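Could you look over these notes beside the model before we discuss it? They take the sheet and then the ring contacts.

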Amino acid sequence: MTTVKKIKDETRKVYLEKRTSMDPELKRKRDKKICDVATSLASYRYADYVLLYAPLDGEIDIMPVAEDALSKGKKIAFPRCNKEDHTMDFHIVSSLDELSVDSYGIREPSADAPVFDLKNCYSSMICFVPALIYDKKGYRLGYGKGFYDRYLSSVKGNIIGVVYSDFIVPSVPRGKFDVSLSILLTEKGVVVTSEN
């Protein structure tokens with residue numbers, strides 16, 4: 001019997017290869033369009049806090065959104081992962097220079113940076129969530145560690161998946177803890193998913 005994990009691993013391999021083989025100039029243009037769409041969203045314009053990710057090689061580069069948010073006086077936060085229990089928290093930074101590379105090769109804030117208090121945040125926030133692919137119901141396929149699914153299970157608010165339009169598939173294999181998002185952001189604009 002084929003397990004969900006095996007199907008996820010096989011799907012992950014296919015789309016990692018597809019993303020790696022993308023023409024760099026095309027990728028740069030697509031990433032810029034995604035950032036332009038992100039900063040034009042009403043939920044972004046009115047957000048006091050912008051939760052982002054620091055892209056790995058090949059991931060959609062949304063760092064221009066971080067720079068735009070800082071220039072507009074918004075607070076920005078990036079995830080810091082706890083490898084022991086596969087949880088994460090977002091930490092607020094005042095400059096992108098405060099991010100440094102961890103053991104996974106991910107840029108993240110220091111442990112001393114203030115933690116974004118999800119439970120007591122009474123200001124508006126928007127969270128941009130990376131994935132390798134999303135499906136039409138808003139379920140994501142990441143890298144298999146489960147950090148985002150654990151975090152997102154307790155988040156209420158504007159959570160937006162970031163993905164290339166041709167990396168939205170009919171469905172992804174999912175487990176009982178996987179979380180779906182109602183809005184996806186692509187280089188072609190916003191996609192509202194069918195599950196929510």
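Predicted model: local features only at pLDDT ≥ 70, side-chain atom pairs only at ≥ 80, totals over all residues.

1. Residues are numbered from 1 along each chain as its sequence is written, and side-chain values use heavy atoms, with hydrogens and water left out.

2. An open sheet of mixed pairing is formed by 7 strands in the order 3-2-1-6-9-11-12, where strands are DSSP runs of E with at least two residues and helices are runs of H or I with at least four, numbered from the N terminus, and two strands pair if DSSP finds at least two bridges between them. Strand 3 and strand 12 (189–192) stand at the edges with a single partner strand each, so one side of each is left without a neighbour in the sheet.

3. Strand 2 (residues 75–82) pairs with strand 3 in the antiparallel sense over 7 bridges, and Asn-82 has Thr-87 of strand 3 as its bridge partner.

4. Phe-90 and Tyr-151 are both buried, that is, under 20% relative accessible area, with exposed meaning over 50% and partly exposed in between (1.4 Å probe, protein chains only).

5. The charged end of Lys-74 sits over the ring of Tyr-44, 5.1 Å from its centre, and Arg-174 lies over the face of Tyr-139 at 3.8 Å from the ring centre; the criterion is NZ of Lys or CZ of Arg within 6 Å of the ring centre and within 35 degrees of the ring normal.
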